[in-house]
Amino acid sequence: MLSQFWYSKETTDVIIQEVLAHTNSESRIACISTPTVFVKLKSIIPPLKQIINLFEFDTRFDIYVDPPFLSEDCFTKTMITVRWLGKKDNCKILLCTGAVMQNLADRLINARVTSFYPQHQGGLANEFRCYINYQSQNIKLKEN
């Protein structure tokens, strides 16, 4: 059985601001299993300004939903897709997933944990974290 979660408005806003800060009219944006972010981006970016794609696998929900990646197998397959989609060396990856995926995020996409804690509507039992593979002015890396 698949689980679905929606990001809180605050989390969505932080992610949107980060995406806007690191893209331009030449950028391509891929929202992988993050329809909450996709819907917001589509509502604020004029058509034809940037290419924004949603990659969602849960056909039970044809209205924008967010599944988790809290199994090693699911996470690894998703990161293989991320690497394939972001073929360029300068592809920036912002990833929100469970804290238990920290080592895999580092190993598979060279992403580091940040001090930003993504929140979901209604909350979750699992601690979620944000990881990035680039330097950001807005989302800081977590200090050790």
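Modeller: Start with serine 33, in the loop between strand 1 and helix 2. Keep in mind that this is a predicted model.

Colleague: Why is serine 33 called buried?

Modeller: The relative accessible area of serine 33 is 5%. Buried means under 20%. Therefore serine 33 counts as buried.

Colleague: Why is asparagine 110 called partly exposed?

Modeller: Its relative accessible area is 45%.

Colleague: Now the overall layout. How many helices and strands are there?

Modeller: Four helices and five strands. From the N terminus, the order of elements is α-β-α-β-α-β-α-β-β. Of the 144 residues in the protein, 40% are buried.

Colleague: How do you know what share of the contacts links residues 24 or more positions apart?

Modeller: Take the contacts with a separation of 6 or more. Residues 24 or more positions apart account for 66% of them.

Colleague: On to helix pairs. What describes two packed helices?

Modeller: The angle between their axes and the distance between the axes. For helix 1 and helix 2, the angle is about 55° and the axes are 10 Å apart.

Colleague: Which residues of helix 2 are buried, and what covers them?

Modeller: Pro35, Thr36, Val37, Phe38 and Leu41 are buried. The cover includes helix 1, strand 1 and strand 2.

Colleague: And at what angle do helix 3 and helix 4 cross?

Modeller: Roughly 30°, with axes that come within 10 Å. Since angles under 35 degrees count as roughly parallel, helix 3 is roughly parallel to helix 4. The crossing is right-handed.

Colleague: Which residues meet between helix 3 and helix 4?

Modeller: Glu72, Phe75, Thr76, Met79 and Arg83 in helix 3 meet Leu104, Ala105, Arg107, Leu108 and Ile109 in helix 4. The classes come to six nonpolar, one polar and three charged residues.

Colleague: Why is methionine 79 called buried?

Modeller: Its relative accessible area is 1%. The cut-off is under 20%. So methionine 79 is buried. Setting aside residues up to four places away in sequence, methionine 79 touches Leu95, Leu108 and Ile109. The C-alpha atoms of methionine 79 and leucine 95 are separated by 9.8 Å.

Colleague: Next, the sheet. What is the strand order?

Modeller: It is an open sheet of three strands, order 3-5-4, with antiparallel pairing.

Colleague: Why do strand 3 and strand 4 stand at the edges?

Modeller: Each has a single partner strand, so one side of each is left without a neighbour in the sheet.

Colleague: How do you know that strand 4 and strand 5 pair?

Modeller: Pairing needs at least two bridges. Strand 4 and strand 5 have two, in the antiparallel sense. The bridge partner of arginine 112 is isoleucine 132 in strand 5.

Colleague: Last one. Arginine 129 lies in strand 5. Is it buried or exposed?

Modeller: Buried. Its relative accessible area is 5%, and the cut-off is under 20%. Beyond its neighbours within four places in sequence, arginine 129 has contacts including Leu95, Cys96, Thr97, Phe116, Tyr117 and Lys142. The C-alpha atoms of arginine 129 and threonine 97 are separated by 5.7 Å, at 32 residues apart along the chain.

Terms used
Residues are numbered from 1 along each chain as its sequence is written. This is a predicted model: local features need pLDDT of at least 70, side-chain atom pairs count only at pLDDT 80 or more; totals for chains, interfaces and linings use all residues. Side-chain values use heavy atoms; hydrogens and water are left out. Axes are lines fitted to C-alpha atoms, for helices over the stretch in contact, and angles run from 0 to 180 degrees between N-to-C directions. Angles under 35 degrees count as roughly parallel, over 145 as roughly antiparallel, 65 to 115 as roughly perpendicular and the rest as oblique. A crossing is left-handed if the near helix is turned anticlockwise from the far one by less than a right angle, and right-handed if clockwise. Contact means heavy atoms within 4.5 Å. Ala, Val, Leu, Ile, Met, Phe, Trp, Tyr, Cys and Pro count as nonpolar, Asp, Glu, Lys and Arg as charged, and the others, Gly among them, as polar. Buried means under 20% relative accessible area, exposed over 50%, partly exposed in between (1.4 Å probe, protein chains only).
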